[in-house]
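Please read the points below alongside the sequence and the model.

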Amino acid sequence: HFTSLAPGVVRTAMVEGIFALDPNERHSGTERVKAAEGTEKLQSPATIAERFLKVLPLLLKEPTGSFIDIRMMTL
């Protein structure tokens with residue numbers, strides 16, 4: 001069974017690097033990531049790991065090859 005799971009924006013070293021980018025520097029997708037800073041949309045790795053463990057059994061109910069956004073799931 002294969003499922004692609006989108007966790008949303010997770011505070012990682014890569015995301016911290018995006019926050020540090022010069023505001024004049026344009027990269028595809030950075031505005032969405034930067035907009036999450038200081039909001040509930042920016043999740044800690046521990047929080048997303050807990051959510052992942054809760055949804056794991058539910059993913060097997062989805063067809064193989066599905067793309068699931070964890071932010072859209074009711075837990």
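**Notes on the predicted model**

1. In the chain, confidence is lowest in helix α2 (residues 30–36), with a mean of 84, and highest in strand β4 (residues 66–69), at 94; the score is pLDDT, the predictor's confidence in each residue, from 0 to 100. The chain average is 87, and 93% of the residues score at least 70. Helices (H or I, at least four residues) and strands (E, at least two) are DSSP runs numbered from the N terminus.

2. On conventions, this is a predicted model in which local features need pLDDT of at least 70 and side-chain atom pairs count only at pLDDT 80 or more, while totals for chains, interfaces and linings use all residues. Residues are numbered from 1 along each chain as its sequence is written, and side-chain values use heavy atoms, with hydrogens and water left out.

3. Helix α3 covers residues 45–59 and includes F52. Its 15 residues should span 21 Å at 1.5 Å a residue, and the end C-alpha atoms are 20 Å apart, which agrees; the expected span is 1.5 Å times one less than the number of residues. A kink of about 30 degrees lies at L53 in α3, shortly before the proline P57, where the bend is the angle between axes fitted to the seven residues ending at a residue and the seven starting there.

4. The buried residues of α3 are I48, V55 and L59, whereas F52 is partly exposed at a relative accessible area of 35%. Buried means under 20% relative accessible area, exposed over 50%, and partly exposed in between (1.4 Å probe, protein chains only).

5. F52, L53 and L56 form a nonpolar surface patch with about 280 Å² of accessible area together. Patches take residues with over 30% relative accessible area and no salt bridge, joining like charges within 9 Å and nonpolar side chains (Val, Leu, Ile, Met, Phe, Trp, Tyr) within 5 Å; areas come from the Shrake-Rupley method with a 1.4 Å probe, and for residues only the protein chains shown count as cover.

6. Two salt bridges are counted, each being a side-chain nitrogen of Lys or Arg within 4 Å of a carboxyl oxygen of Asp or Glu. E16 pairs with R11 at 2.1 Å, N to O, and R71 with D69 at 2.7 Å, N to O. E16 is partly exposed at 34%, as R11 is at 36%; R71 is partly exposed at 41%, but D69 is buried at 17%.
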